[in-house]
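This report describes one protein model, from its overall fold down to single residues. Look at the sequence and the structure before reading on.

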Amino acid sequence: MAKFVEGSEHISDMFEKYRKECNIPLFVQFRYLHCPTQKVVYKISKLNPLLELITDGLNFTIVVNEEVFDKLKPEQQIILINECFAGVNVSESDAVSLEAPTFTTHVGVLKKFGHVDVIETKETVDLIYKQMKEQADEAKAASGETKKRGRPRRT
């Protein structure tokens, strides 16, 4: 079983410094932990509402393998911190959520084609799906179909 301990102060300070730069509201609470056996450099997790209540409003835990993190160059550390906070979302109604990454691929593909072409391809695919959905919605609206919700009425 993984052994979690409180994260070191320098890790907490680094993450909090960047957190302020990316304008995450102060009411969103993070807790930084360290796990030396973790196979990824960091892992961010959103706590469920019950745990948020029990922990007095703690929203996220960020578990860092500090041994690996400390061996990275400062520029690489900043990239990982940026990536970690990129999924944190606070809506206009102050609902806090964690969005899944919008871009995943293999390193080999990035090396072969370059990040610009791969990103452009992913964006094009997203645009095509969006256009197809809009066309389907327009066709549905034109045919007069409406989506019925709930149970049918009793007669």
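## Overall fold

Read along the sequence, the protein runs in the pattern β-α-β-β-α-β-α-α-β-β-α-α. That comes to six helices and six strands; helices (H or I, at least four residues) and strands (E, at least two) are DSSP runs, numbered from the N terminus. The radius of gyration, taken over C-alpha atoms, is 21 Å, well over the 15 Å that the globule rule gives for 155 residues, so the protein is more spread out than a compact globule. The globule rule is 2.2 Å times the number of residues to the power 0.38.

Along the principal axes, the C-alpha atoms fill a box of roughly 65 × 50 × 35 Å. Of the 155 residues, 24% count as buried. Buried means under 20% relative accessible area, exposed over 50%, and partly exposed in between (1.4 Å probe, protein chains only).

## How the model is read

This is a predicted model, in which local features need pLDDT of at least 70, side-chain atom pairs count only at pLDDT 80 or more, and totals for chains, interfaces and linings use all residues. Residues are numbered from 1 along each chain as its sequence is written, and side-chain values use heavy atoms, with hydrogens and water left out.

## Helices α1 and α4

Helix α1 (residues 9–21) packs against α4 at an angle of about 60 degrees, and their axes are 10 Å apart. Axes are lines fitted to C-alpha atoms, for helices over the stretch in contact, and angles run from 0 to 180 degrees between N-to-C directions. The two helices are therefore oblique to each other; angles under 35 degrees count as roughly parallel, over 145 as roughly antiparallel, 65 to 115 as roughly perpendicular and the rest as oblique.

Which residues of α1 and α4 meet? From α1 they are M14, F15, Y18 and R19, and from α4 they are Q77, I81, N82, C84 and F85. Contact means heavy atoms within 4.5 Å. By class, this contact has six nonpolar, two polar and one charged residues. Ala, Val, Leu, Ile, Met, Phe, Trp, Tyr, Cys and Pro count as nonpolar, Asp, Glu, Lys and Arg as charged, and the others, Gly among them, as polar.

Q77 is found in helix α4. With a relative accessible area of 9%, Q77 is buried. Not counting residues up to four places away in sequence, Q77 touches M14, F69, D70 and L72.

K73 lies in the loop between α3 (66–69) and α4 (74–86). K73 is exposed, with a relative accessible area of 52%.
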